[in-house]
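Subject: Structure for your review

Hello,

Here is the structure we discussed, with the sequence alongside. My notes on what turned up follow below.

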Amino acid sequence: MTTRTRLEPVAAGQGMTSQRVRDRLVDRLREIGIRNENVLNAVRTVPRHLFVDEALAMRAYEDTALPIGHSQTISQPWVVARMTEVLLQEGAPRKVLEIGTGSGYQAAILAALGLEVYTVERIGDLLRQARKRLRQLGYNVRSKHDDGRAGWAEHAPYDAIIVTAAAPALVAAMIDQLAVGGRLVAPVGGASSQSLIQLTRRADGGVDEEVLAPVVFVPLLSGTLD
Ligand code: SAH
């Protein structure tokens, strides 16, 4: 596995943002059932504290979602690890589409795993910040400012699609852009109750769907914002 982190995390070896704190998060994820060593390694490598506001950096290695502005959140590490593990279950996909870039952390995890990452975000300000971080850290991620409910047709089909905002139902465009044998993982449901869904596209055109776990995500919204 190649890691592409070029910048050392700020204050490496010190305090609440050190490698030791990140290692402890990895131990915790292992305890609560994350098994894929490549995924655990990616969590060990990617400096999550650089994906949140400085004021929250000391909480970056707690297993919790944190605010990133514009009423959005960086997902809980367990959710990021679990969704990534699901995408890698039948061997590593080559090309992955993420809907909902947010902080860029999930995209960085996928890039650290050596995958070809495409990500779409509807809020321009969040995307600009995410792009800057990803670039500074040396993660190669292609991104677009758009309503991700239309997927990203230009680069389709994808071996895997990960949706990091919840819709009442799966969006057809996303399934259409999934390669045969490809896997999609997404939260589905309303504000009060959501489930993580895994879907595999079959050669006969059908899909196999499985409900994995209850989750909490911000909503998948339409249109774009600057
Ligand atoms: N994967 C992100 C999680 C961000 S929260 C991370 O690692 O930080 C979900 C994100 O989805 C928010 O940034 C929100 O603006 C975005 N989003 C919501 N609806 C969207 C849509 N239709 N298209 C693209 N992005 C969307």
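**Around the ligand**

Sorted by class, the shell around the ligand holds 10 nonpolar, 10 polar and 6 charged residues. Please keep in mind that this is a predicted model.

In total, 26 residues surround the ligand, and the closest are Ser-103, Glu-121, Asp-147, Gly-148 and Leu-221. A polar backbone atom of Leu-221 is 2.6 Å from a nitrogen atom of the ligand. For Gly-100, a backbone N or O atom lies 3.0 Å from a ligand nitrogen atom, and for Arg-122 a polar backbone atom is 3.3 Å from a ligand nitrogen atom. On its own the ligand has 580 Å² of accessible area, and the protein covers 99% of that. Strand S2 (72-74), H4 and strand S4 (116-121) are the elements that give two or more residues to the shell. S2 provides the largest share, 3 residues.

**Nonpolar cores**

The largest nonpolar core has 51 residues. Leu-29, Val-46, Phe-51, Tyr-105, Ile-109 and Tyr-139 have the most contacts inside this core. Elements that each supply at least two of its residues include helix H1 (19-31), helix H4 (105-112) and strand S9 (207-215). The largest share, 8 residues, comes from H3.

Leaving aside neighbours within four places in sequence, Phe-51 is in contact with residues including Val-46, Ile-68, Tyr-105 and Leu-134. Another core, of 19 residues, lies apart from the largest one; among its members are Tyr-118, Trp-152, Leu-178 and Leu-184.

Regards

Conventions: Residues are numbered from 1 along each chain as its sequence is written. This is a predicted model: local features need pLDDT of at least 70, side-chain atom pairs count only at pLDDT 80 or more; totals for chains, interfaces and linings use all residues. Side-chain values use heavy atoms; hydrogens and water are left out. A nonpolar core is a set of buried Ala, Val, Leu, Ile, Met, Phe, Trp, Tyr and Cys residues joined through side-chain atoms within 4.5 Å. Buried means under 20% relative accessible area, exposed over 50%, partly exposed in between (1.4 Å probe, protein chains only). Helices (H or I, at least four residues) and strands (E, at least two) are DSSP runs, numbered from the N terminus. Contact means heavy atoms within 4.5 Å. A residue is near a molecule or strand if one of its heavy atoms lies within 4 Å of it. A polar contact is a pair of N or O atoms within 3.5 Å; within protein, one must be able to donate a hydrogen and the other to accept it, and residues adjacent in sequence count only if both atoms are side-chain atoms. Accessible areas come from the Shrake-Rupley method with a 1.4 Å probe; for residues, only the protein chains shown count as cover. Ala, Val, Leu, Ile, Met, Phe, Trp, Tyr, Cys and Pro count as nonpolar, Asp, Glu, Lys and Arg as charged, and the others, Gly among them, as polar.
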